[in-house]
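Hi,

Here is the structure I promised to pass on.

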Amino acid sequence: MDIAALRSAHPDHWKKAAAIRALTLDAVHAANSGHSGMPMGMADVATVLFEKHLKFHAASPDWPDRDRFILSAGHGSMLLYSLLHLTGYADMTLDQIRNFRQWGAITAGHPEYGHAKGIETTTGPLGQGISNAVGFAMAEEMLRARFGRKLVDHYTYVIAGDGCLMEGVSHEAIGLAGRHALSKLIVFWDNNNITIDGTVDLADRTDQVKRFRASGWQVLEIDGHDPEAIDAAITTAKSSRKPTMIACKTHIALGHAAQDTSKGHGALTDAGQLAAAKEAYGWPYGPFEIPADVKSAWEAIGARGTAEHDAWTARLGEASQSRQNEFARIFAGEAPKALSARIKALKKQISEEKPSVATRKSSEMVLEVVNPIMPETVGGSADLSGSNNTRSGDMSVFDVDNRKGRYVHWGIREHGMAAAMNGMALHGGIRPYGGTFMCFTDYARPAMRLAALMKVPSVFVMTHDSIGLGEDGPTHQPVEHLAISRATPNTWVFRPCDTVETAEAWELALRSTQTPSVLSLTRQNVPTLRTEHKTANLTARGAYVLADATGKRQALLMATGSEVAIAMQARDLLEAEGIGTRVVSMPCWELFEEQDEAYRKRVLPGGPVRVAVEAAIRFGWDRWLYGERGKREKSGFIGMHDFGASAPAEVLYEKFGITAQAVADKVKSLL
């Protein structure tokens, strides 16, 4: 690669791109860690994108109609930080760049959503960013169909590397994008043929160009260091009716001694080599020094969107007041005022009618009353619509010819579904929820974890939540998955016992602005246990007394979901023998932990024998059995201790000893 030729052919472009490269080298050198090679290789693409195409306004970073730029290859975070600093984002100061990867800095090793304006999503785990981007693009299509091009009309741009494309989730994502003809999604592939271990062919022989074309994408192949070719490719991409992948042939660590080698991927910290690279760039400046003319040229790019931003603001102001209010409400993530009344009315109806239904059906009943008043909800299922009960009657299917559709057939793609849901939530204006079987949280897990990390309120509807699913057997029967979800910080795990608790859980999930929710729902029917209507949302307390002892309290039964009914039956058996028994329903441990000690003490007083009942492994229950005034010698657990088996649900509960009689016997053995 002839650096001198590049410099002389496009001197203005070269200086702007060199600023990215120099800042990257300086920041990684100062931190003595980081990934230099990708920002150095993709600086030309990023410069052309920001200078000539990206619709953004550095002074208004949250502008709803901005183009979204997603750095899926998140290890190259200095590319993004450099761009944000150079274009004038207020919080990305030079001091933040100097403190790259240090304690308290917003310039984390990988871009973290919420740390700085302009970071659209957290992209550390490879493949998640490009998969989030599909959700961003779907959200744009849906909102454009609803509000019109005057208010919503923007692109989603992604830089992805070989790592992103090797990770399996990317295949699910590009298949979805091609199927739905997401023409405003444009992906730049940093085609440098290098991974950490060596050249790509050490581990892969996939023809990525053919792969994307086979998935329904337009593919363009260019020299990733030629600004004219980059500009022309983006222009062509924007006129396509398909999503576009631009294969950018680049040199990792361009201009450095480690160029085109696996060493170029990582921390290039050798002072002599750094100086030589800067000399090759024609960059005679000190560490973190950006000449005034280059900085002002970049700041002009950051202000380039001023007219478009102001025109959009004027168009929004011309809309009716109700339309403006609705637009503001959904982008603020606020639930409509009518939600509370709808939930209360449904709870009252259920308490009176006392249906015996599976909580997956209960969830559908809630959605039937909620979705019509919340047009921002977008539901879906990973090819299990009839099992997850996630589609309400008012929902049409999102498709190429129906962008107003709010129900997504995700196909057998739990990884891609969950990641795209996060992208929808991050885009704003959409409240996504999606369903699969509880045991397949394993497949959705990376995105579920990132939802928690990013504080986005995606809702994961996980049905068939125990051995109660029956004959499909142990491969489909989750036993450890509740514990896995509960172990994840900033996650609400709801396991409701009946339709009333399910309605309360949904209300909390739909009001959340910073916490994702997991709804653990049964396949088998359960009775209505909340037969006395209360307007208060008891699930919001996490746990509460469902039934108390009639005489002296000697036993305290704790349960969730379908096992609350078993605990209630066990209470009947114990009370009949004069053993006063309290039943505590615990639909959400995380919310119970947040209650003050006085409330927790009222619900779980010291003294009585404690038995927990849940058709899952014991892990986590000791907090409530031994802690919170409990005693080890006076506590027991009824549940699963291994994997399940294939048989009808009622047989499994009997064979695994999860019965009212077993609970009663456990209590008596501890008295």
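Some housekeeping before that. This is a predicted model, so to speak of local features I need pLDDT of at least 70, and side-chain atom pairs count only at pLDDT 80 or more, while totals for chains, interfaces and linings use all residues. Residues are numbered from 1 along each chain as its sequence is written, and side-chain values use heavy atoms, with hydrogens and water left out.

**Helix packing**

Helices (H or I, at least four residues) and strands (E, at least two) are DSSP runs, numbered from the N terminus. Axes are lines fitted to C-alpha atoms, for helices over the stretch in contact, and the angles run from 0 to 180 degrees between N-to-C directions. Angles under 35 degrees count as roughly parallel, over 145 as roughly antiparallel, 65 to 115 as roughly perpendicular, and the rest as oblique.

Start with helix α15 (residues 338-353), which has contacts with α16 and with α21. Its axis and that of helix α16 (residues 359-370) come within 10 Å and cross at roughly 140 degrees, so α15 and α16 are oblique to each other. By class that is eight nonpolar, no polar and one charged. For the classes, Ala, Val, Leu, Ile, Met, Phe, Trp, Tyr, Cys and Pro count as nonpolar, Asp, Glu, Lys and Arg as charged, and the others, Gly among them, as polar.

With helix α21 (residues 499-511), the axis of α15 comes within 9 Å and crosses at roughly 170 degrees. That makes α15 roughly antiparallel to α21. From α15, Leu339, Ser340, Ile343, Leu346, Lys347, Ile350 and Ser351 take part, and they meet Thr499, Val500, Ala503, Glu504, Glu507, Leu510 and Arg511 in α21. The residues of this contact divide into seven nonpolar, three polar and four charged.

Then there is helix α22 (residues 563-576), which packs on helix α27 (residues 660-670) at an angle of about 55 degrees, the axes being 8 Å apart. That makes α22 oblique to α27, and the crossing is right-handed. Ile566, Gln569, Ala570, Leu573 and Leu574 in α22 meet Ala660, Gln661, Val663, Ala664, Val667 and Lys668 in α27.

**Salt bridges**

With a salt bridge taken as a side-chain nitrogen of Lys or Arg within 4 Å of a carboxyl oxygen of Asp or Glu, the count comes to 37. For burial, under 20% relative accessible area is buried, over 50% exposed, and in between partly exposed (1.4 Å probe, protein chains only).

- Arginine 21 and aspartate 44 pair up with their closest N and O atoms 2.6 Å apart. The two are 23 residues apart and link distant parts of the chain, from helix α2 (residues 11-31) to helix α3 (residues 37-53). Arginine 21 is buried at 0%, and aspartate 44 is buried at 0%.
- Glutamate 326 bridges to arginine 329 at 2.9 Å, N to O. They are three residues apart in helix α14 (residues 321-332), so about one helical turn separates them. Arginine 329 is buried at 13%.
- Glutamate 532 and lysine 534 have their closest N and O atoms 3.5 Å apart. Glutamate 532 is exposed at 55%, while lysine 534 is partly exposed at 36%.
- Glu593, Glu597, Arg600, Arg623, Glu628 and Arg629 are linked in a network.

Most residues other than glycine have a negative phi. Asparagine 32 has a positive phi of about 60 degrees; this residue lies in the loop between α2 and α3 and is exposed at 55%. Asparagine 389 also has a positive phi, near 55 degrees. Its place is the loop between α17 (385-388) and β10 (407-409), and asparagine 389 is buried at 11%.

Asparagine 191 is in strand β3 (residues 185-191) and is buried at 17%. Leaving out residues up to four places away in sequence, asparagine 191 touches Cys248, Lys249 and Thr250.

Cheers

Note on methods. Contact = heavy atoms within 4.5 Å. Left-handed = near helix turned anticlockwise from the far one by under 90°.
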